[in-house]
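Work through the exercises below with the sequence and the 3D structure open beside you. Try each task before you read its solution.

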Amino acid sequence: MNAEAAGRPTKTIVISGVNLVEGGPLTVFRDCIAAATQALPGWRVVVLAHDAKLITTPGVEVMAFPKAKSRWLRRLALEWHGMRPLSRELRADLWLCMHDMTARVDARRQAVYCHNPSPFSRATWRDALFSPTYFAFSLLYRYLYGAFIHRNHAVVVQQEWLRRCFQRLYGVERVIVAHPQPEVAQAGVKPARQGPGNVFFFPALPRSFKNFEVIGEAVALLEQDPAWQGKVRWTLSGDENRYAAWLRRRFGHLRSIEWIGLQTREQMQAQYDAVDCLLFPSRVETWGLPLSEGKRHGLPLIAADLPYAHETVGNCDAVAYFDVQDPADLARRMAAFENGEQPCKPARLDPPAAPFAPDWIALLKLLAEGL
């Protein structure tokens with residue numbers, strides 16, 4: 001009796017994300033795992049995670065690597081040396097690294113998912129001061145990305161602009177653009193609030209590249225007008241790290257900013273329902289999940305005028321783009337929204353060229369094709 005007839009898995013996929021513990025990257029990791037159980041029926045799904053408690057998808061095997069994030073040298077040793085004996089034991093048909101680095105493993109096919117855009121952005125002095133790890137990544141990740149990259153059957157990125165970067169810098173031929181979420185159909189835009197007092201929302205972790213300060217500077221300009229009654233809610237309390245503390249010292253006096261702290265998933269849904277407009281000023285992203293979430297909730301968007309934001313927003317009924325280095329530009333758009341002038345307009349964008357996967361299920365089927 002063969003394995004398939006006996007009901008045993010005939011193939012194995014290993015999904016590795018040993019350093020993904022929070023924010024958008026963890027959401028992406030979890031979504032990929034959940035999709036694997038649907039896209040690859042009959043496959044054994046093995047997940048390599050920092051902590052088994054982070055993974056809640058039923059029917060998968062989870063192996064924990066709690067020391068993987070303790071030191072970068074330990075992480076490098078694990079990916080480039082420690083994973084090979086495990087790969088020989090697991091005998092994976094498809095090994096998918098979800099955390100940028102190409103592991104040295106023995107598998108029928110491997111792929112790497114690259115979601116850190118720091119090598120392709122210009123770091124600032126604030127990055128060096130408040131996010132030294134991010135600053136170092138912006139300098140080193142270009143080399144880490146390139147290490148063993150040609151071992152992969154495919155490199156997976158979230159957007160077309162990143163595909164062009166990988167093709168140009170590393171000469172990688174097969175780069176798949178895979179959207180972490182299917183295209184969100186914005187059935188309608190949330191009706192504008194009658195009268196002043198609109199609430200603008202920026203949900204993000206306190207990372208220097210998220211560019212909270214451009215919002216703070218814009219609000220400082222807006223508060224010079226006594227007629228301004230708008231509010232900004234951002235998901236900071238001001239004591240998370242040095243960057244958040246600096247923001248609190250600099251903008252804590254502004255009456256229009258509400259410091260609501262980190263929100264749970266349930267609290268986030270309530271916030272999306274309660275606010276009037278989503279702000280997203282981040283200087284660099286590979287996606288920017290709040291843009292998709294805000295769009296799904298019918299919120300008008302005021303977003304960074306950068307390639308990642310245009311691609312994430314895609315087809316949208318109400319969006320305005322602003323210069324991320326110009327708080328006066330943002331202030332003008334916020335004031336126009338508050339005054340009912342409808343600065344957010346429809347936008348349309350064609351899908352990426354092939355190879356392209358519009359969702360996780362499509363990506364996993366594309367990677368497993370022919371195995």
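**Exercise 1.** Is Phe148 buried, partly exposed or exposed, and what is its relative accessible area?

*Solution.* Before starting, note that this is a predicted model, in which local features need pLDDT of at least 70 and side-chain atom pairs count only at pLDDT 80 or more, while totals for chains, interfaces and linings use all residues. Residues are numbered from 1 along each chain as its sequence is written, and side-chain values use heavy atoms, with hydrogens and water left out.

Step one is the scale: buried means under 20% relative accessible area, exposed means over 50%, and partly exposed lies in between, with a 1.4 Å probe and protein chains only. Step two is the value: Phe148 has a relative accessible area of 35%, so it is partly exposed. Step three is the location, which is the loop between α4 (132-146) and β6 (154-157); here helices (H or I, at least four residues) and strands (E, at least two) are DSSP runs, numbered from the N terminus.

**Exercise 2.** Describe the backbone at Phe148, at Gln342 and at the bond from Ala354 to Pro355.

*Solution.* Phe148, although not a glycine, has a positive phi of about 65°. Gln342 is not a glycine either, and its phi is positive at about 55°. Gln342 sits in the loop between α11 and β14, and its relative accessibility of 59% makes it exposed. Finally, the peptide bond that leads from Ala354 to Pro355 is cis, with omega near -5°, and Pro355 belongs to the loop between β14 (345-347) and β15 (356-357).

**Exercise 3.** How are helices α6 and α11 placed relative to each other, and which residues make the contact?

*Solution.* Two packed helices are described by the angle between their axes and the distance between the axes. Axes are lines fitted to C-alpha atoms, for helices over the stretch in contact, and angles run from 0 to 180 degrees between N-to-C directions. The axes of α6 (residues 212-222) and α11 (residues 327-338) come within 8 Å and cross at roughly 60°. Angles under 35 degrees count as roughly parallel, over 145 as roughly antiparallel, 65 to 115 as roughly perpendicular and the rest as oblique, and α6 and α11 are therefore oblique to each other.

Next, list the contact, where contact means heavy atoms within 4.5 Å. On the α6 side are Val214, Ile215, Glu217, Ala218, Val219, Leu221 and Leu222, and on the α11 side are Pro327, Ala328, Leu330, Ala331, Met334 and Ala335. Sorted by class, this contact of α6 with α11 has twelve nonpolar residues, no polar ones and one charged. For these classes, Ala, Val, Leu, Ile, Met, Phe, Trp, Tyr, Cys and Pro count as nonpolar, Asp, Glu, Lys and Arg as charged, and the others, Gly among them, as polar.

**Exercise 4.** How do α6 and α7 pack, and which residues meet?

*Solution.* The axes of α6 and α7 come within 11 Å and cross at roughly 5°, which makes α6 roughly parallel to α7. In this contact Phe212, Glu213, Gly216 and Glu217 of α6 meet Tyr243, Trp246, Leu247, Arg250 and Phe251 of α7. By class there are five nonpolar, one polar and three charged residues. To complete the picture of α6, eight of its eleven residues are buried, among them Phe212, Glu213 and Gly216.

**Exercise 5.** Which residues have the most contacts inside the largest nonpolar core?

*Solution.* A nonpolar core is a set of buried Ala, Val, Leu, Ile, Met, Phe, Trp, Tyr and Cys residues joined through side-chain atoms within 4.5 Å. The largest one has 89 residues, and Trp95, Phe166, Trp234 and Met334 have the most contacts inside it. Not counting residues up to four places away in sequence, Met334 touches Phe200, Ala218, Val219, Leu222, Trp228, Val232, Leu279 and Ile302. A second, separate core has 35 residues, including Leu26, Cys32, Ala39 and Val156.
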